[in-house]
Every structure is written in structure tokens, then in C-alpha cells.
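Here are the sequence and the model, to be read side by side. The questions ask how each label was reached.

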Amino acid sequence: MESKTMKNIFQRMSAITEELQTVAKNLTVSTGGKNSYKAVSERDILDAVKPVEAKHGVYSYPVKREILESHMLESESNYNGNVTKRTTFMTRIETTYRFVNVDKPEEYIETTTFAEGIDAQDKGSGKAMTYGDKYALMKAYKISTGDDPDQKASEDTHYT
């Protein structure tokens with residue numbers, strides 16, 4: 001059997017992809033009121049990826065982040081004739097994520113992800129970073145969550 005020190009970054013990432021299984025959507029995210037949806041958490045992705053990367057000699061990290069947009073958004077909702085205004089903060093970022101061969105650090109692969117974070121207080125940029133990192137790992141290693149997010153349309157929110 002070939003040792004890990006003889007494998008290049010492509011072979012290592014291929015071995016990691018082959019070893020990783022589906023990561024279930026164990027997180028329930030509330031959208032307010034009675035509505036919620038299931039999601040895969042960053043913790044579940046990291047818990048799945050970190051030991052397999054260590055085993056195969058790959059280290060991954062966000063090497064660059066850039067804010068593409070940052071906005072304050074206003075929305076209105078009407079319930080029984082009462083209009084409620086809400087302010088949320090949106091941050092859109094681009095993250096370059098690097099996967100390094102730990103035995104030959106000059107050998108690496110990079111992937112770019114784009115992510116948005118929306119929050120009523122100060123967590124929008126953190127949400128965007130978490131989302132971008134999580135999807136960089138999921139897409140680089142072809143990690144499935146067991147369903148297709150494109151099967152159901154997102155709800156419309158009317159911002160001004």
C-alpha cells in the first residue's frame with residue numbers, strides 16, 4: 001500500500017472524498033414563529049472532515065476573505081392592519097479556501113465560495129463566514145446531506 005507521504009494533493013483529496021459519508025441535517029433552524037427548516041451544521045461538517053483530513057495529511061483553511069457587499073435592509077410586515085418595520089444587516093463575502101498537502105506545503109488546491117449572512121444585529125458577517133467555510137468543505141469533498149436544496153423554492157421577502 002502506498003504511504004500518504006507519496007500521495008499528491010489530488011490523491012489525498014480523492015481518498016478523503018471516498019471516505020467521507022453523508023452528513024445528516026441535524027440542525028433545526030427557526031425562521032420565526034412556527035416555521036423552521038433542517039440544515040447541516042458547521043460542527044457536523046468539521047467533525048466529519050477534520051479526522052479524515054488528518055489521516056490523509058491535508059490541512060484546510062480560509063486563506064482570503066473579501067466583503068463584496070454590505071447593506072442595511074428594511075422590511076415591512078402587515079398583520080391584522082399593524083405594520084411592523086424591521087432592519088436587518090446583510091453581508092456578502094467571497095472566501096478562498098485552501099487545501100494543503102501537509103508533507104509538501106507548496107502543493108495545494110484552492111476553491112472559491114460565495115456566501116451571504118443576514119442578521120438583525122451583529123452576526124451577519126459571522127454567518128456568511130460560517131456558510132462559506134462549510135460549503136467550501138462540502139463541495140471540495142462532495143459531501144452530501146441526503147437531499148437536494150433546489151427541490152423547494154425559497155420564500156419571497158420584500159426588502160426596500
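What follows is a set of questions and answers on strands, helices and a salt bridge.

Q: What kind of model is this, and how are residues numbered?
A: The model is predicted, with local features needing pLDDT of at least 70, side-chain atom pairs counting only at pLDDT 80 or more, and totals for chains, interfaces and linings using all residues. Residues are numbered from 1 along each chain as its sequence is written, and side-chain values use heavy atoms, with hydrogens and water left out.

Q: What makes strand 3 and strand 4 a pair?
A: Strands are DSSP runs of E with at least two residues, helices are runs of H or I with at least four, and both are numbered from the N terminus. Two strands pair if DSSP finds at least two bridges between them. Strand 3 and strand 4 are joined by 20 bridges and run antiparallel, so they meet the definition of a pair. Ser60 stands opposite Phe99 of strand 4, and Asn78 stands opposite Val83 of strand 4. In the hairpin of these two strands, with two residues between them, Asn80 takes a positive phi near 50°.

Q: How do you know that strand 4 pairs with strand 5?
A: Strand 4 (residues 82–101) and strand 5 (residues 108–119) run antiparallel and are joined by 12 bridges. Thr95 has Thr113 of strand 5 as its bridge partner, and Phe99 has Ile109. The hairpin joining strand 4 to strand 5 passes through six residues.

Q: Why do strand 3 and strand 5 count as edges?
A: The open sheet has three strands in the order 3-4-5, with antiparallel pairing. Strand 3 (58–79) and strand 5 each have a single partner strand, so one side of each has no neighbour in the sheet. From one strand to the next, the twist averages 10°.

Q: Which strands does helix 3 touch?
A: Helix 3 packs on the sheet and touches strand 3, strand 4 and strand 5. Its direction makes about 145° with that of strand 5.

Q: What joins strand 1 to strand 2?
A: Five bridges join strand 1 (residues 27–32) to strand 2 (residues 35–39), and the two run antiparallel. Leu27 has Ala39 of strand 2 as its bridge partner. The two strands form a hairpin with two residues between them, and Gly33 in the turn has a positive phi of about 65°.

Q: Why is helix 2 called oblique to helix 3?
A: The axes of helix 2 (residues 42–56) and helix 3 (residues 124–140) come within 10 Å and cross at roughly 45°. That angle makes helix 2 oblique to helix 3. Angles under 35 degrees count as roughly parallel, over 145 as roughly antiparallel, 65 to 115 as roughly perpendicular and the rest as oblique. Axes are lines fitted to C-alpha atoms, for helices over the stretch in contact, and angles run from 0 to 180 degrees between N-to-C directions.

Q: Which residues make the contact of helix 2 with helix 3?
A: Glu42, Ile45, Leu46, Val49 and Glu53 of helix 2 meet Thr130, Lys134, Leu137 and Met138 of helix 3. Contact means heavy atoms within 4.5 Å.

Q: What makes helix 1 and helix 2 oblique?
A: Helix 1 and helix 2 pack at an angle of about 140°, with axes 10 Å apart. The two helices are therefore oblique to each other. Arg12, Ala15, Ile16 and Glu19 in helix 1 meet Val52, Glu53, Lys55 and His56 in helix 2.

Q: Why is the pair of Asp103 and Arg12 called a salt bridge?
A: A salt bridge is a side-chain nitrogen of Lys or Arg within 4 Å of a carboxyl oxygen of Asp or Glu. The closest N and O atoms of Asp103 and Arg12 are 3.0 Å apart, and the two form a salt bridge. Asp103 lies in the loop between strand 4 and strand 5 and Arg12 in helix 1 (residues 9–19), so the pair ties together parts 91 residues apart in sequence. The structure holds 10 salt bridges.
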